[in-house]
Amino acid sequence: MSIDFSKYKHREVFEFFEQINNIPRESGNEKQISDFLKKFAEDRKFYVRQDEYNNIVIKKPGTLGYENRPAVIIQGHMDMVCVKANDSSHDFKKDPLKMYIDGDLLKAKDTTLGADNGIALAMVLALLDSKKIPHPPIEFAVTTDEETGLIGAVKMEMHDLEGKYFLNLDSEEEGEFVVCCAGGTRLGLFQKIIKNEKSPHNCRFFKIQIKDLAGGHSGMEIDKNRANANRLLGRTMYELKNELNAEFIKINGGVKDNVIPSYAMIDVLIPHEKAVMVNDLISRLQKTFRSECGIADENISLSADEIIVADKNKIQILSGETVGNAIFILMNSPAGIQSMTAEIPGLVQSSLNLGVVEQKDDVIEYVWALRSSVLSLKCNMINQMKLFAEKFNLEMDLWGDYPSWPLKPKSKLEQICTTTFKKMYGKDPLVKGIHAGLEGGVFLEKLPHLEAISFGPDMWEVHSINERLSISSTERVYDFMKEILIQLD
């Protein structure tokens with residue numbers, strides 16, 4: 001059902017956002033949204049290039065009086081992180097997002113909203129669609145697979161981009177301008193599984209679930225003391241093994257490497273005489289985990305539900321060695337913040353997030369997102385993980401590497417943005433760096449002459465089902481972007 005945005009000053013922005021959210025656009029599944037953007041440009045006779053990776057470049061000439069100004073590259077990504085509630089039947093491959101308005105907020109029912117980064121696309125489409133807004137030549141660069149490691153931007157050819165200025169619209173706090181960001185990579189360790197057959201007489205089966213964690217973006221929220229469900233999974237396994245002599249059938253946790261995992265589970269086999277102690281142990285662990293995290297993750301929930309197994313004659317359980325190594329990796333591998341940046345107080349410099357633990361037929365996969373604004377520290381974290389791989393005879397793989405956006409002295413673009421913001425809103429903006437990957441780093445690596453900055457409207461808890469976007473902030477940022485464009489020369 002379409003939402004009525006008629007009462008809003010910039011209804012066109014939100015109407016485009018709704019159109020975008022009607023199209024599946026999970027990372028790796030962007031062809032439909034890419035074709036939508038291509039058709040948008042073709043219908044308006046704009047220059048458009050769609051490459052083999054579904055990246056899009058759209059060019060619109062400057063309006064009267066601005067046609068000879070330097071071109072401005074405006075950039076966002078078309079993919080989104082797709083997370084849904086555990087009991088949701090939403091299919092991200094075909095279902096539109098169920099957006100709704102809650103006061104000043106836009107939300108989605110039981111799923112991520114995709115404001116990261118769909119609202120950027122909506123603002124620029126509204127700009128390009130208008131015949132009344134003055135602006136210099138615009139080069140709209142829309143990339144794919146940003147959420148899985150800036151892959152589209154890394155692969156994108158930029159020979160037809162001629163802009164002097166670069167506006168990235170992938171920031172999440174109004175009034176804050178990003179001028180540097182971390183680089184990163186994805187890293188996987190692969191543990192071979194040894195299984196034993198067991199006739200589980202006098203045993204009971206349980207599914208242990210760790211759920212309702214806050215989760216969130218593994219870069220932006222890594223400093224908020226939020227629990228990692230996969231780390232808690234290791235601690236829970238340790239206690240079950242030592243206190244109840246549990247044996248393990250299956251372990252899994254997390255859905256995306258760049259999301260702080262909010263859910264993990266294990267299927268366990270417990271001797272009958274110990275089974276009566278399960279709920280007491282799980283209750284004590286829940287209390288401990290909540291106490292450790294405080295208000296940062298006060299809703300952590302642990303449960304133990306008995307499973308009815310039809311055929312109990314032979315059950316395949318993970319061997320003691322397999323379980324011991326898994327527990328050690330989950331509890332002791334490097335995790336969370338590793339170092340802080342000295343130049344910008346409060347900015348995380350290096351971190352790791354164990355985002356996914358997935359048991360398959362013959363292997364357990366552990367997948368981390370590594371981030372650092374210093375290349376040597378990123379390499380050191382990789383070396384640490386190599387040692388884990390060697391210690392436990394694991395295979396290791398790296399993929400999705402992307403560069404940092406280094407801090408540069410104040411540019412003309414930064415000065416214009418800060419001056420304009422103060423003039424429009426009567427206060428100074430915050431100029432900062434962030435501990436997350438932004439495509440500005442990739443663009444500056446390929447086009448080093450660019451002056452670059454990133455900004456965006458207020459949104460919260462992206463990459464989670466609690467994601468929400470401020471409507472009024474979006475309208476202000478849209479007005480700010482339009483004013484910036486006519487100030488640049």
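In which loop is Asp 212 found? Asp 212 sits in the loop between strand S11 (203–211) and helix H5 (229–244). Helices (H or I, at least four residues) and strands (E, at least two) are DSSP runs, numbered from the N terminus. The model is predicted: local features need pLDDT of at least 70, side-chain atom pairs count only at pLDDT 80 or more, and totals for chains, interfaces and linings use all residues. Residues are numbered from 1 along each chain as its sequence is written, and side-chain values use heavy atoms, with hydrogens and water left out.

Phi of Asp 212 is near 65°, a positive value in a residue other than glycine. Asp 212 is partly exposed, with a relative accessible area of 46%. Buried means under 20% relative accessible area, exposed over 50%, and partly exposed in between (1.4 Å probe, protein chains only). Asn 225 is placed in the loop between S11 and H5. Its phi is positive, about 60°, although Asn 225 is not a glycine. Asn 225 counts as partly exposed, at 48% relative accessibility.

The overall fold was then described. The protein has 12 helices and 23 strands. Its radius of gyration is 24 Å, close to the 23 Å that the globule rule gives for 489 residues, so the protein is as compact as a globular protein of that length. The radius is taken over C-alpha atoms, and the globule rule is 2.2 Å times the number of residues to the power 0.38. Along the principal axes, the C-alpha atoms fill a box of roughly 85 × 50 × 45 Å. Of the 489 residues, 60% count as buried. Contact means heavy atoms within 4.5 Å. Among contacts between residues at least 6 apart in sequence, 79% join residues at least 24 apart.

The accessible surface comes to about 20,700 Å². Carbon and sulfur atoms account for 48% of that surface. Accessible areas come from the Shrake-Rupley method with a 1.4 Å probe; for residues, only the protein chains shown count as cover. The mean positions of the 59 positive and 72 negative charges are 1 Å apart. Lys and Arg count as positive and Asp and Glu as negative; His and the chain ends are not counted. The place of a charge is NZ of Lys, CZ of Arg, CG of Asp or CD of Glu.

Two strands pair if DSSP finds at least two bridges between them. Strands S4 (residues 99–102) and S5 (residues 105–108) pair in the antiparallel sense over 4 bridges. Met 99 has Ala 108 of S5 as its bridge partner. The hairpin of S4 and S5 has 2 residues between the strands, and Gly 103 takes a positive phi near 65° in this hairpin. Strand S8 (residues 176–181) is mostly covered, with 6 of its 6 residues buried. S8 runs parallel to strand S20 (residues 430–434), joined by 5 bridges. Cys 180 has Gly 433 of S20 as its bridge partner.

Two buried strand residues were inspected. Ile 56 lies in strand S2 (residues 56–60). Ile 56 counts as buried, at 0% relative accessibility. Beyond its neighbours within four places in sequence, the contacts of Ile 56 include Leu 37, Val 48, Met 78, Phe 140, Val 142 and Met 156. Ile 56 and Ala 41 are 15 residues apart in sequence, and their C-alpha atoms are 9.9 Å apart in space. Ser 303 is in strand S14 (residues 301–307). Ser 303 is buried, with a relative accessible area of 14%. Outside four places in sequence, Ser 303 is in contact with Lys 207, Ile 208, Gln 209, Lys 211 and Ile 282.

A cis peptide bond joins Asp 116 and Asn 117, with omega about 15°. Asn 117 lies in helix H3. Pro 137 is in the loop between helix H3 (115–129) and strand S6 (138–143). Pro 137 is buried, at a relative accessible area of 16%. Leaving aside neighbours within four places in sequence, the contacts of Pro 137 include Lys 60, Tyr 66, Arg 69 and Val 72. Pro 137 and Val 72 are 65 residues apart in sequence and 6.3 Å apart in space, C-alpha to C-alpha.
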